[in-house]
Amino acid sequence: MPLPDDEHTGARIAHHRKRAGLTQRGLTQKIPYSYSLLTQVESGHKPASPDLVAAVAKALCIDVTALTGQPYVTELQQDRLAALVRPIREALDLYDLGADPAITPRPAPQLVAAAQALCQQVRATKLHDAALDLPGTMAEITTAAYRTPSSELWAALSSTYRTAHDLAVKLGYYDLSTVALDRMDWAASRASDPLLSAVRQYMRALVYFREGEYTIGQRLVASGQGLLEQSPQTRERHAVAGQLHLGASIIAARAHDEDAVKNYLTEARSYADRTGEATDVHWLSFGPTNVTVHAVSAHVEMRHYGEALQEAAKVRIPQDWAVSRAAHFYVDQARAQMEAGRSEAALKSIVTARKLAPQQTRYHAGARETIRGLIHLSRRTPDSLDHLAAWVGL
């Protein structure tokens, strides 16, 4: 039977398809997916995978969030997060207004530490705390950077813009994330830090990845690698270069270019051999573990679910790894387990992701679709699955 509500992603696909004047067969001629799969997704009998959603959004020339329903405003209001978004928007608009005479900023070392603390809060998925603290810190560093310009302060300001991007993505405000990335580039150029600029290109590439624009994503990764040529051969440069290769591997996987995926992962492993676990470099979590985790994600994107689970079995999460990254891995693993028919294991993985990062998991479109798929596969829905479905608003 179809899923109980008519606000699932498949229903939104059907709505926008009809608005575009396309039949189901007409849409499948524009995307690399079968008519049978599309009909099952639209009726709610199968979850809408991120790659299918991206392909449909691109074919219909609409934003992915029109299909996923993000941001999930009801849940955001319940978690007291919705009201924190507007102050972040306003703080992002202060970038070219100069120093605020009403602000007396703290000394530069304290401001740098505050920017780092915000990054740490997001990695720990303390989204409410980070969203609450971010606007004031951003305004304070903006004033300090204008009054006493230094590479250190511009880099700290760039870091707060990155935090704004990370929060926006996790909460489903992708329009805001794009603004934050523009501001990040503006500040990074004043910091004269090519590594920051390269990280920004990596994050831009992931934006296009979500939207199904893989060619632009690959060009942005290549641009990031080019920026690294301006910096010396250091462990930090190797970590950023390796992370760019990991980003490229996922983009290539979504484009089903298996040879490119293998090449990018091989390059990333060579950098990881040199850096070790480089969780301290630009909050990227780069290292051998992240290479394996990206191999899992790449196989999931290529719909090689057996290979994804083989790679997942090798993953050993380091104790100091970012909680946000670990939770994302468990969501990917859950999708592979569900598609491989291992529903009980998939439910355990989603529960683990929730325990690690409850707010992030609640607003993760992939987690929601996996829970939806598990509901359909389960003949008798376990209490824990019912609870999860209600928790994410299904």
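Predicted model: local features only at pLDDT ≥ 70, side-chain atom pairs only at ≥ 80, totals over all residues.
Student: What is M138 in contact with, leaving aside its neighbours within four places in sequence?

Tutor: M138 is in contact with A91, L92, L157, T160, Y161 and A164. The cut-off for a contact is heavy atoms within 4.5 Å.

Student: Which residues of helix α3 are buried, and why are they said to line one face?

Tutor: The buried residues of α3, residues 35–43, are L38, V41 and E42. Seen down the axis of α3, they fall within an arc of 95°, so they line one face of the helix.

Student: What covers the buried residues of α3?

Tutor: The cover includes α1 (9–19), α2 (24–28) and α4 (50–60). Just after α3, G44 takes a positive phi of about 90°.

Student: Why is T68 called buried?

Tutor: Its relative accessible area is 9%. The cut-off for buried is under 20%. T68 therefore counts as buried. T68 is found in helix α5, residues 65–68. Not counting residues up to four places away in sequence, T68 touches T9, R12, V53 and A365.

Student: What makes the T68 and Q70 pair a polar contact?

Tutor: The contact between their side chains is 2.7 Å. The cut-off is a pair of N or O atoms within 3.5 Å. The pair passes.

Student: What is the form of the peptide bond from Q70 to P71, cis or trans?

Tutor: It is cis, with omega near -5°. P71 is in the loop between α5 and α6 (73–78). Most peptide bonds are trans.

Student: Why is V73 called partly exposed?

Tutor: V73, in helix α6, has 37% relative accessibility. Partly exposed runs between the buried limit of 20% and the exposed limit of 50%. So V73 falls in the middle class, partly exposed. The C-alpha atoms of V73 and Y363 are separated by 9.9 Å, although these residues are 290 residues apart along the chain.

Student: What are the classes of R80 and S285, buried or exposed?

Tutor: R80 has 58% relative accessibility, and exposed means over 50%, so R80 is exposed. S285 has a relative accessible area of 5%, and buried means under 20%, so S285 is buried. R80 is in the loop between α6 and α7 (85–92). S285 lies in the loop between α15 (258–275) and α16 (288–301).

Student: What is the phi of R80, and what is that of S285?

Tutor: Phi of R80 is near 60°, a positive value in a residue other than glycine. Phi of S285 is near 60° and positive too. Most residues other than glycine have a negative phi.

Student: How do you know that the span of helix α12 agrees with what it should be?

Tutor: At 1.5 Å a residue, the 17 residues of α12, residues 194–210, should span 24 Å. The end C-alpha atoms are 25 Å apart, which agrees.

Student: What makes α12 mostly covered, and what caps its N-terminal end?

Tutor: In α12, 13 of its 17 residues are buried. D193 is the cap: a side-chain oxygen lies 2.9 Å from the backbone nitrogen of L195. Just after α12, G212 takes a positive phi of about 85°.

How values were computed:
Residues numbered from 1 in each chain as written. Heavy atoms only, no water. Helix = DSSP H or I, 4+ residues; strand = E, 2+ residues; numbered from the N terminus. Expected span 1.5 Å × (residues − 1). Buried < 20%, exposed > 50% of the residue type's maximum accessible area, 1.4 Å probe, protein only. Polar contact = N/O pair within 3.5 Å; in protein donor to acceptor, adjacent residues only side chain to side chain. Arc of directions from axis to C-beta.
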